[in-house]
Each structure stands twice: as C-alpha cells, then as structure tokens.
Amino acid sequence: MTTMTEAPIRADAVLATGKPAAGVPIIQVDHLTKKFEDFTAVNDISFEVKEGEIFGFLGPNGAGKSTTIKTLCTLLQPSGGHIRVGGFDVQDDPDTVRSMIGIVFQDNSLDSDLTAQENMEFHCMVYHIPRAERAERIKRLLDLMELTEFKDRRVKTFSGGMRRRLEIARGLLHEPRLLVLDEPTVGLDPQTRNYIWQYVRDLRQVHHTAIFMTTHYMDEAENCDRIAIIDKGQIVALDTPAELKKMVGDDQIELTTRDNARVVQVIAEKYQVPVEEREGHVVIQVPSAESFAPKLLAELPTLTGGVTIETLHIRRPTLEDVFLKLTGRTIREEEGAKDQRKLNLRRLGRI
Amino acid sequence: MATQSLPTVKRHTFSYSRELEVIYGIWLRDFKKFWREKSRLWGGVARPILWLVILGSSLKPVVTDNTLTGNVDYIQYIFPGVIGLTLIFATMQSAISIIWDREFGFLKEVLAAPVSRISIIIGKVLGGATQATLQGIITLAFAPLIGLRLTPIAVLELIVIMFGVSFALTSLGVVIASRMTSFEGFGTISNFVVMPMYFLSGGIYPTSSAPEWMQPFIAINPLSYGVDALRHITIGQGTFAFGLDVAFLAGFTVVMSMVALWLFKRE
C-alpha cells in the first residue's frame, strides 16, 4: 500500500554542492494572504527559511504571527498565495507537510488528564513512529528535557516550564525537519528560557533542524539568524539582527531634565543631531555616545540658561528601536490592542 | 555544522494500517480518561435508580391503561427508554469532550498530525460509543430487579444494538460539538438536545399516544428507532419494524459522519 514517492526537494542542489541542505529553503512563502471575512490577518507576505536556519518572526501580538504559523501547519487554509514546506504545498500535500513539522503552540496542547508518558505515546501513534523505536525515543527526549522522574505524573500537576519542556520533547519525537515554535518562552522563568534556547541551538547544530519561531521578546529575537519584523499583517523588514540594527544606526542618549521641550530645541539647533521627546525622556541619536555625552553634560546648562541634566542613560540600538523606527510605535504600546485583535480573530477564525 | 546527509522527504501516502492505529490511538485516549473518571460510570447506576425505582414505581399506578403499553408492566415498558437515556447522556458527554479539546488546545495536536480527518472522527465516535455501551450494560444489570428475564442471546443482541445506537448518537454529538466554539456547558446540550430527544423518543410513553403535531419529530429522532429496537428485544414489541430501526440508525450514522467530516475540513 505504501508507495513512497521521491520528494522534489532540490535533489539537484544536494548533488551539485555535495553538502546537503545548506541554503536549501525548507519554507517558501509566496505572497501569502489570510483573510477572516473582512479582516486581513496576513497581507501578501513572502519569505524563505533555509534548512538549519533559526528564523524569527518578531512583532506585537495580533500582527499575524500565529495566523502565519497556523497556515504553515495546515490548520488554516491560505486565502491567497502559497506556502511550501520542503517543496510540498500545504494545500496539495497537507499530510506530507504535517509529517515534516514539529510544533510547539503558543497555548497548551497537551492532554492534562494523561501522564507525560501517555502524551508522548499518543504522539508516536498519530505520527506513525516505527513501533520498535518508540520507547527509546520517548525515554531519550524525556531525559533530555529532564522530565524522566515525572513521566508517570499527570500533566495537570506540571508547572508551566515543565509543560513547555514536555511540548518541545513531544514536538521532536518524529524528528521533524522543521521545528515551529510559537512564542516558545512566554511565561517562563529566565532559567528555563535559557535552557530552552541552549537546546534549540544544539538541535540545529546536531540535526540541522530548521527553526521557525515567533516572539515579541526583543532579547529573544537576538538569538535568530534572521528576523522578519511583521506588523499589521505585513513584513516591514527582513534581515539579520545586526543588519536590522544598522537601520537605526546610531547610539541613543536618553536624558531627563526639568524642561525637556527647551532641551530638545537647544540640542537640535546647536548640535544638528536627531532629537525628540519620547515618554518623558529627551532622546538623542548620535554616532558615538561615549564622546558626545561628556560634551553635552558640560555645555548644556550654559546653552539652556541653567537647565541641568538629571539622569542620563546610553543605549545601543535594539530591535525594539528598529520596530519603532519602522512602525512608529513600540511593541509595548501594542500590548493593549492585542486582546481586542485576538478577540476579533477568535470570533472570525475560530483560533 | 552537521555533515551527515538529511533523509529525503517522502510524500505521505494513505495506508490502512496507519489510519487504524490513529483510530485506535484516539479511542484509547478517550477510554483511558473515561476509566479514570469513575463518576461517569456512576451515571450509569444513578439514572436507572432514579427512573425505574423512583419515577417508574410512582407513575405506575397512574398509568392504568395497560393496553397502550401492550399489556406490559409500565416499568418494564420504560426500561428500554431508560437505557436510551443512559446512552444519549453518555454519548453527548463524550462528544462534548471535543469542545474541551478545542478549548484546552489538545485538538490542535490532533489536527496538526499527518492523519486523515475521517480517522479522527471515527476514533472519536468509537470512543464515545464504547463509553456509552459500558454505561448501558450497567443499566442492563437492573433488568432482573424489575422482573425482566433476558436470555444470554438477548443480552448479546442488546449490547450490539446499544453499540449501534451509541454510534449514531455520538456522530450527531460530534456534529453539534464541532459547531460549538466555546464551552457553553453541558446544560445547553442537555436542555436542547438530550431532553427533547428523550421525550420525543417514545421512551417513557407509547408514541401512538403523542399528538399528531409531534409525530414528525418522533419520526426523525434517531433515539425513537434506538429505543424501539431495544424494546423489540426486551419485551418483544415495537412501533416500527426491527429492520427499519436498524436501517434508520445505520443511515443516520453515515450521514452524520459525512457532515462531521465536512465540518472538520472547514475547521
């Protein structure tokens, strides 16, 4: 019954280079659009993820990250455009795509009435893992995630970190080519977050597994090889973290003073550098904060006729700044709007 | 960097053995959860006590016209109806677990797996039917208490019919559950599905005594045919032909499974 068909996955590329996979896209997203009635969650996005790459989707909640993931994982049908995973179209060959992907969803997807071991066994059954290998694979992954001693406890007794580790262990059982992590470390303590990240990097190193993840934590996005910044359903930038930060370019000096408006005016006139007032701070952008700050401290009281600097803070550019520059908002500001948009999505798309 | 060759990705093809394992996996999960939650088993004990002992014995003197029940003792007459009530409660309860699975996320794990949607539905329906049949068997144990003598053959026949009825009812439950997005509570299902179906099934009164306007509802109610089939075996009488009962239930199951499949694919 099982006639196996060779995949059209870039056999040529493998043969030509002699080195498998490097540079071969595991995900190809081509003009993807996803609408829920009159609400456009994802609006004409295109990108590729290479084998063995850690690719991050950065954006506020409701930007379209989870919708993209659900479409990638075949849980939603695209309204327009195509997604191919390992060369297979998500609409034409959904089961092939499903078998290639390991997913860790943003929200719980474990059965909390079953034990950790039983959740793993269920996964083995629905992913058709060869029977002879099941026990060994389950044991190895539970060991790796340090869950062996809890394996016979029901998942309802697990902490958030333990559940997340179990979901990752489960997502890896069928040795996926692509690991999809939707907000993998939300609500976890820093120690568990570091642990998960270390494991994700090892996984890429050893198995060449590609990782597609979403996050709205800036520091977490720094771990990615490349990042797509997504806002209101569109990709506004896509590059390595270092290149993205070059977009904002300069260092930032944040000041608080008694008269911010006056200080902004004076700095703009005297030094001809970009300066603005933001959230109660005077924010100045300069190529080198180290040399600019002492000069400013010395000269500002004279220039402004007595306004002194109360606090001074130097910041190197972060991805948060990149997001701000591209969208005019901070990701934090977006948090308030998230619930409403999520609600809309829930109502329209039954997520 | 790794230097080993990545395995070639094979196109996923349909295989019966794989799909059977998925059905078994889904069934097994439901069964494990059912078995751990003994309170559901007690439902199979509590309901017959309520209906047969309390309601039945109090109503019996009121029901004076035995010709309507074919000269059969009233408590024995409603016994198949009480089995039907047990079955419909149990099947709706297990179908509703789909809503829980969606609400608590487990459904995503199933839907993201490389399994055909129809196997998910069959696994779910088999799971519900098994649980309901087990509770039905508990109810069946009350037969001697109300003076009903059943031969071993009759018991076997009843188990088969109970399973068939449960199968039909669970498929209906899956259709209802797949359209409910948030957990509106078993109360809603109980008030708008379980109770109307029960009262319109002829479980506790002969359908012939129901007014004309109710007859169409009785005629499209799968539980009418289920109770009728059970009555054929327990007390040897019924409204419809036994063959019609079985044919209606089988057809109903197929149609509901198709609807469920269509709804799942849209999900």
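A: Begin with confidence, since this is a predicted model. In chain A, helix α4 (residues 116-126) has the highest mean pLDDT of the elements (96), and helix α1 (residues 11-17) the lowest (36). Residues 1-22 of chain A have a pLDDT below 50, and this stretch makes 32 contacts in the model beyond near neighbours in sequence. For chain A as a whole the mean pLDDT is 83, with 87% of the residues at 70 or more.

Q: Which domains does the assignment give for chain A?

A: Domain 1 covers 11-245 and domain 2 covers 250-316. The C-alpha centres of these two domains of chain A are 43 Å apart.

Q: What is the order of the strands in the open sheet of six strands in chain A?

A: Read across the sheet, the order is β6-β7-β8-β3-β9-β10 in chain A, and the pairing is mixed. Next, look at the edges. In chain A, β6 (101-104) and β10 (234-239) each have a single partner strand, so one side of each has no neighbour in the sheet. Ignoring direction, neighbouring strands of this sheet are turned by 15° against each other on average.

Q: How many bridges join β9 to β10 in chain A?

A: Five bridges join β9 (residues 226-231) of chain A to β10(A), and the two strands run antiparallel. To follow one position across, take A:Ile229, which stands opposite A:Ala237 in β10(A).

Q: Which strands does helix α2 of chain A lie across?

A: Helix α2 (residues 65-72) of chain A lies across β3 (54-58), β7 (178-182), β8 (210-215) and β9 of chain A. The angle between α2 and β7(A) is about 150°. Helix α6 (residues 160-172) of chain A also packs on the sheet, where it touches β6 and β7 of chain A. The direction of α6 makes about 170° with that of β6(A).

Q: What is the order of the four strands in the other open sheet of chain A?

A: That order is β12-β13-β11-β14 in chain A, with antiparallel pairing. Its edge strands are β12 and β14 (309-315) of chain A, each of which pairs on one side only. From one strand to the next the twist averages 25°. Within this sheet, β11 (residues 251-257) of chain A pairs with β13(A) over five bridges. One position to look up is A:Glu254, whose bridge partner in β13(A) is A:Val283.

Q: Which helices go with this sheet?

A: Helix α10 (residues 260-271) of chain A packs on the sheet and touches β11, β12 and β13 of chain A, with its direction at about 165° to that of β12(A). Helix α11 (residues 289-304) of chain A lies across β11, β13 and β14 of chain A and runs at about 170° to β14(A).

Q: How is chain B built?

A: Count the elements. Chain B has ten helices and zero strands. The C-alpha trace of chain B spans about 85 × 35 × 35 Å along its principal axes. Of the 267 residues in chain B, 46% are buried. Contacts can also be sorted by separation in sequence: among those in chain B between residues at least 6 apart, 82% join residues at least 24 apart.

Q: Which residues have the most contacts inside the largest nonpolar core?

A: They are A:Val85, A:Leu178, A:Val180, A:Ile211, A:Phe212 and B:Ile88, in a core of 141 residues. Helix α3 (residues 74-103) of chain B gives the largest share of this core, 17 residues. Apart from this core lies another, of nine residues, including A:Leu255, A:Val275, A:Val282 and A:Ala289.

Q: What does A:Val180 touch, leaving aside neighbours within four places in sequence?

A: A:Val180 is in contact with A:Ile69, A:Leu72, A:Cys73, A:Ile101, A:Gly102, A:Ile103 and A:Phe212.

Q: What should I look for in the backbone angles?

A: Most residues other than glycine have a negative phi. A:Glu146 is not a glycine, yet has a positive phi of about 55°. A:Glu146 is in the loop between α5 (131-144) and α6 of chain A. A:Glu279, likewise not a glycine, has a positive phi of about 50°. A:Glu279 sits in the loop between β12 (275-278) and β13 (281-286) of chain A.

Q: Is A:Glu279 buried or exposed?

A: A:Glu279 counts as exposed, because it has 9 C-beta neighbours inside 10 Å and the cut-off for exposed is 12 or fewer. A:Glu146 is exposed as well, with 12 other C-beta atoms within 10 Å.

Definitions and conventions:
Residues numbered from 1 in each chain as written. Chains lettered and ligands numbered in written order. Predicted model: local features only at pLDDT ≥ 70, side-chain atom pairs only at ≥ 80, totals over all residues. Domains from an automatic or database assignment. Buried ≥ 20, exposed ≤ 12 C-beta atoms within 10 Å, placed from the backbone. Contact = placed C-beta atoms within 7 Å. Pairing = 2+ DSSP bridges. Axes fitted to C-alpha atoms, helices over the stretch in contact; angles between N-to-C directions. Core = buried A, V, L, I, M, F, W, Y, C linked by C-beta atoms within 7 Å. pLDDT = per-residue confidence, 0-100.
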